[in-house]
Every structure is written in C-alpha cells, then in structure tokens.
Amino acid sequence: MASILAEQKKDDRKELLAEIRAGLGNRSIVLIGLMGAGKTALGRRLAARLDLPFVDADSEIEDAAGATISEIFTEHGERYFRQGERKVIARLLQEAPQVLSTGGGAYMDEETRANIKARGVSVWLKADLRVLMKRVGRRDHRPLLAGVDPGAVMRKLIEARYPVYAEADITVESRDVPHELIVDAVIDALGAKLGCKAKPAAQKAAKPGRRKKGR
Ligand code: S3P
C-alpha cells in the first residue's frame, strides 16, 4: 500500500519534474553545503527523480588524482586539493544538465562560485550543527575533521561559510527527516525558482479529496 501511494505521488509530480528539466536547459543543479549536509545522499535521489545523471565532485577529484581526498590532503596539502577541486568542477560544469554535488569548501572559492553562477542553479542544503554532527560523526574519512574537535571545527566553518553559501539561488533546510521529504522540498523550490506552472506537492496534497457520505 505504501509503495502504491509513493508511486501515485511520483506520477503527480511528473509534470513538475518535466518542467524543471526543461527550465534547466543547459545548466546543472549544483548542491552546496557543509560536510554532513547530505549533498551526496540527497543528490543521488534528486537526480533519480529528475532522471538526470548524478555526479559527485569529490569522487571525480579522487578519480582524477588516483588517490583519496585524505591522501591528497596528507601528501600535497589543502592548497593543492583546492586547485584540483577548482579545475575538476570547472570541467564537470561543462556537462549539463546533471545534478552535481560539491565538497563543502568548493563554493568558498571565488572562481568556482562564479562558474557555478554561470552554469548552474545552486541549492544550499542548510543544516544546523546538531544535524551535521550526527551525520559526520558516523564517518571518519574527512581530513578537516581528523584529529581535532569536530564540533569546534564545524562551528567555525558554519560561521565562515554560511554567509557565502547564502548566495546560492535556493536554500533548503536539510533536516533530520527522511531524505525523500527533503528531496521533495528541493523539487518544489526548483519549480518555484524556474517559474514552473505545475503545482508543488504541498498544494496537490491540500486539494480536497472525495468524501464518503455521512462523514
Ligand atoms: C571539505 C569537504 C569534503 C571534501 C574535503 C573538504 C570541506 O566534502 O571536499 O574533505 O572543505 O568542507 P564533503 O562536504 O562532501 O564532505
């Protein structure tokens, strides 16, 4: 039953999804936000819903370097990583449309920010410290959080980065709820931003249904 309802809901949104794809034209949806904001997990789902390719910039950097992000940081330093990140994202932005998830520091680079503005619709997945800590706490592959107090680092990053992330075209709260709900919110926000005419989920759900007699 639950899966039938989910399928119906997907069908309801087909029109909106098609309008979003058309509205994007030759641009990518670019996900930005801090580590733990859910860029990869939500990006994969968003891409599947929109029937677009999903590309993860960090994985592409790792492929290009033949090394993990941690290895790049340890062997060559953060500056070197940032140069590679800038180059790889510039290359990836040539491919569109797609859903492109970027590492937390990428949008802080002026050149990358300008490239994203020119070739993408940016979506900031904004999460509060509690949600971020719950998510980054589960994994230890992030060099910026290795061997330090992750809470203190994340607080500093929020302070430094959130004013810049706020330049994104769209901001969606990445809350501690099932991923599909956040993806729905992103789809609605994209629809509004791109001037789509199809109704967002909330309005469809609000339509009065058929009522049984006597109730
Ligand atoms: C970084 C975030 C990481 C990765 C690198 C640096 C950052 O990506 O690019 O460790 O500066 O915030 P995620 O945001 O996908 O974890």
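This briefing covers the salt bridges, the ligand site and the paired strands of the structure above. The model is a predicted one. A search of the whole structure finds eleven salt bridges, and the ligand is surrounded by 13 residues. Strand β4 is joined by parallel pairing both to β5 and to β1.

- The side chains of Asp 184 and Arg 13 form a salt bridge, with an N to O distance of 2.7 Å. Because Asp 184 belongs to helix α10 (residues 179–193) and Arg 13 to the loop between α1 (2–12) and α2 (14–24), this pair ties together parts that lie 171 residues apart in sequence.
- Asp 184 and Arg 13 are both buried.
- A salt bridge also links Glu 167 and Lys 117, here with 2.5 Å from N to O. Glu 167 sits in the loop between α9 (150–165) and β5 (170–173), while Lys 117 is part of helix α7 (residues 110–119), so the contact ties together parts that are 50 residues apart in sequence.
- Both ends of this second pair count as partly exposed, Glu 167 at 37% relative accessibility and Lys 117 at 44%.
- Through shared partners, salt bridges join Arg 13, Arg 45, Arg 49, Glu 180, Asp 184 and Asp 188 into one network.

- Glu 78 and Arg 82 are partners in a salt bridge whose closest N and O atoms are 2.9 Å apart. The two residues both lie in helix α6 (residues 78–92), where a spacing of four residues corresponds to about one turn of the helix.
- Glu 78 has a relative accessible area of 35% and is partly exposed, whereas Arg 82, at 17% relative accessibility, counts as buried because the cut-off for that class is under 20%.

**The ligand and its surroundings**

- Among the 13 residues around the ligand, those that come nearest are Lys 39, Asp 58, Arg 82, Arg 142 and Arg 161.
- Arg 82, the salt-bridge partner of Glu 78, has a side-chain N or O atom 2.6 Å from an oxygen atom of the ligand.
- For Arg 142, a polar side-chain atom lies 2.7 Å from a ligand oxygen atom, and for Arg 161 the distance from a side-chain N or O atom to an oxygen atom of the ligand is 2.7 Å.
- On its own the ligand has 390 Å² of accessible area, of which the protein covers 95%.
- The shell around the ligand is made up, by class, of five nonpolar, three polar and five charged residues.

- Strand β4 (residues 120–126) runs parallel to β5, and four bridges join the two. Within this pairing, Leu 125 has Val 172 of β5 as its bridge partner, and Val 123 stands opposite Ile 170 in β5.
- Strand β1 (residues 28–32) is likewise parallel to β4, to which five bridges join it, and Ile 32 has Trp 124 of β4 as its bridge partner.
- Six of the seven residues of β4 are buried, so this strand is largely enclosed by the rest of the structure.
- In a regular strand, side chains alternate between the two faces of the sheet.

Note on methods. Residues are numbered from 1 along each chain as its sequence is written. This is a predicted model: local features need pLDDT of at least 70, side-chain atom pairs count only at pLDDT 80 or more; totals for chains, interfaces and linings use all residues. Side-chain values use heavy atoms; hydrogens and water are left out. A salt bridge is a side-chain nitrogen of Lys or Arg within 4 Å of a carboxyl oxygen of Asp or Glu. Buried means under 20% relative accessible area, exposed over 50%, partly exposed in between (1.4 Å probe, protein chains only). A residue is near a molecule or strand if one of its heavy atoms lies within 4 Å of it. A polar contact is a pair of N or O atoms within 3.5 Å; within protein, one must be able to donate a hydrogen and the other to accept it, and residues adjacent in sequence count only if both atoms are side-chain atoms. Accessible areas come from the Shrake-Rupley method with a 1.4 Å probe; for residues, only the protein chains shown count as cover. Ala, Val, Leu, Ile, Met, Phe, Trp, Tyr, Cys and Pro count as nonpolar, Asp, Glu, Lys and Arg as charged, and the others, Gly among them, as polar. Two strands pair if DSSP finds at least two bridges between them.
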